[in-house]
Amino acid sequence: TKHFPVRRKGRAALTGPRRAVQAVDDVTLTLRRGRVTALVGESGSGKSTVARLLAGLYPRTAGDIRLHGETVNVKRGRAFRAYARRVQMIFQDPFASLNPVHTVRYHLTRALKIHGRAGDDLEKSLHDLLTRVQLTPAERYIDKFPHELSGGQRQRVAIARALGADPEALLADEPVSMLDVSIRLGVLNLLRDLKERLHLAILYITHDIASARYFADETMVMYAGRMVEGGDSETITQRPAHPYTRLLIESAPDPDRLAEGTASDVPAERGAGEPPSLIDPPSGCRFHPRCPVAMQRCKTELPPRFDVGDASGHWAACWLYGGAAR
Ligand code: SF4
Ligand code: MG
């Protein structure tokens with residue numbers, strides 16, 4: 001859970017009621033090695049905040065991070081540094097995440113050194129990292145500056161840098177949405193290949209549910225800071241249960257056209273209505289003001305996760321799937 005306090009200027013800060021942006025509420029997520037988990041939602045749904053919480057970049061308002069069953073205390077101690085090495089973040093904009101005055105060699109060497117992995121044969125380690133991300137021959141790339149590379153190559157360098165830590169998990173926040181459409185699939189395929197070969201857990205954050213179907217084993221859908229549906233990607237995209245997920249899929253283009261260049265360009269927000277304010281989110285089910293099948297109780301009672309019952313592990317936080325039982 002993450003609430004950002006809303007700072008106000010002047011007297012109101014002292015006298016006004018305490019307010020907070022309820023950016024992420026009660027989100028539970030399990031990553032497993034060898035699996036890609038997609039976190040899908042429109043902008044402002046809280047999905048990037050979830051990644052930053054997991055990376056330890058923000059303190060949490062409530063909740064735990066556990067690694068192999070052990071709670072990680074995100075307080076900058078040694079245990080936290082060990083955790084932070086195992087969980088590496090890939091950002092949306094590789095240009096912003098690489099320092100423009102430094103070469104590929106510098107970025108990768110630094111990553112290896114920070115994580116104590118520079119070893120005896122630094123040159124070979126660098127070569128291996130670049131080969132892992134399919135920047136070959138490595139000699140062609142190693143002394144380049146970020147601006148001498150294409151967007152896709154820069155993102156591959158950012159991935160290589162993350163691999164320099166020998167991580168168990170990658171947290172990839174919209175890793176291809178700023179790239180040219182023609183090269184997105186290549187980068188996703190690389191991540192999938194790395195998942196297999198290095199047995200990584202990958203959190204794939206995206207607004208594009210079509211790409212989640214293509215790339216992720218498991219998909220979770222977020223709306224207004226809460227998770228509303230989860231299950232294996234095939235089930236979620238073929239038989240969405242939550243009315244919000246249905247809306248997302250109806251407004252997304254044909255997933256088969258992902259490679260041709262239209263899919264990821266269409267924002268998920270195209271569906272009816274606007275996402276709600278997270279300072280004062282709707283009561284009950286946060287989706288109720290936009291939901292075409294909202295019932296009376298939806299306005300006041302927050303729906304818990306219910307089994308949808310059509311596939312193992314498929315759940316939806318929606319009264320359509322459990323109203324009678326309660
Ligand atoms: Fe719609 Fe109610 Fe389900 Fe929310 S709980 S998605 S308002 S039917
Ligand atoms: Mg974001």
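This is a predicted model: local features need pLDDT of at least 70, side-chain atom pairs count only at pLDDT 80 or more; totals for chains, interfaces and linings use all residues.

Author: In α8, Gly152, Gln155 and Arg156 meet Ile183, Gly186, Val187 and Leu190 of α9.

Reader: What makes α8 and α9 roughly parallel to each other?

Author: The axes of α8 (residues 151-163) and α9 (residues 181-198) cross at roughly 15 degrees and come within 10 Å. Angles under 35 degrees count as roughly parallel, and α8 and α9 are therefore described in that way. The crossing of α8 past α9 is right-handed. The residues of this contact comprise 3 nonpolar, 3 polar and 1 charged.

Reader: How is α5 oriented to α6, and why?

Author: Helix α5 (residues 104-114) and helix α6 (residues 122-132) have axes that cross at roughly 110 degrees and come within 10 Å. The range from 65 to 115 degrees counts as roughly perpendicular, which makes α5 roughly perpendicular to α6. On the α5 side the contact is made by Arg105, Leu108, Thr109 and Leu112, and on the α6 side by Leu122, Ser125, Leu126 and Leu129. By class, the contact of α5 with α6 has 5 nonpolar, 2 polar and 1 charged residues.

Reader: Why is helix α2 called largely enclosed by the rest of the structure?

Author: Of the 8 residues of α2 (residues 47-54), 7 are buried, so the helix is largely enclosed by the rest of the structure. The buried residues are Lys47, Ser48, Thr49, Val50, Ala51, Leu53 and Leu54. After α2 comes Gly56, with a positive phi near 80 degrees.

Reader: Does Leu200 count as buried or exposed, and how do you know that?

Author: Leu200 has 22 C-beta neighbours inside 10 Å. A residue is buried if 20 or more other C-beta atoms lie within that distance, so Leu200 counts as buried. Leu200 lies in the loop between α9 and β8 (201-206). Leaving aside residues up to four places away in sequence, Leu200 touches Arg33, Pro167, Glu168, Ala169, Leu170, Leu194 and Lys195.

Reader: Is His199 buried or exposed, and on what grounds?

Author: His199 has 12 C-beta neighbours inside 10 Å. The term exposed applies at 12 or fewer, and His199 therefore counts as exposed. His199 too is in the loop between α9 and β8. The phi of His199 is near 55 degrees, a positive value in a residue other than glycine.

Reader: And is Ala224 buried or exposed?

Author: Within 10 Å of Ala224 there are 24 other C-beta atoms. The criterion for a buried residue is 20 or more, so Ala224 is buried. Ala224 belongs to the loop between β9 (218-223) and β10 (226-232). Although not a glycine, Ala224 has a positive phi of about 50 degrees.

Reader: What joins Thr136 and Pro137?

Author: A cis peptide bond joins them, with omega about -10 degrees. Pro137 is placed in the loop between α6 and α7 (138-141).

Reader: How is the shell around ligand 1 made up by class?

Author: The shell has 12 nonpolar, 2 polar and no charged residues. Of the 14 residues around ligand 1, Cys285, Cys291, Ala294, Cys298 and Cys318 come nearest.

Key. Residues are numbered from 1 along each chain as its sequence is written. Chains are lettered from A and ligands numbered from 1 in the order in which they are written. A residue is near a molecule or strand if its C-beta atom, placed from the backbone, lies within 6 Å of it. Ala, Val, Leu, Ile, Met, Phe, Trp, Tyr, Cys and Pro count as nonpolar, Asp, Glu, Lys and Arg as charged, and the others, Gly among them, as polar. Axes are lines fitted to C-alpha atoms, for helices over the stretch in contact, and angles run from 0 to 180 degrees between N-to-C directions. Helices (H or I, at least four residues) and strands (E, at least two) are DSSP runs, numbered from the N terminus. Angles under 35 degrees count as roughly parallel, over 145 as roughly antiparallel, 65 to 115 as roughly perpendicular and the rest as oblique. A crossing is left-handed if the near helix is turned anticlockwise from the far one by less than a right angle, and right-handed if clockwise. Two residues are in contact if their C-beta atoms, placed from the backbone, lie within 7 Å.
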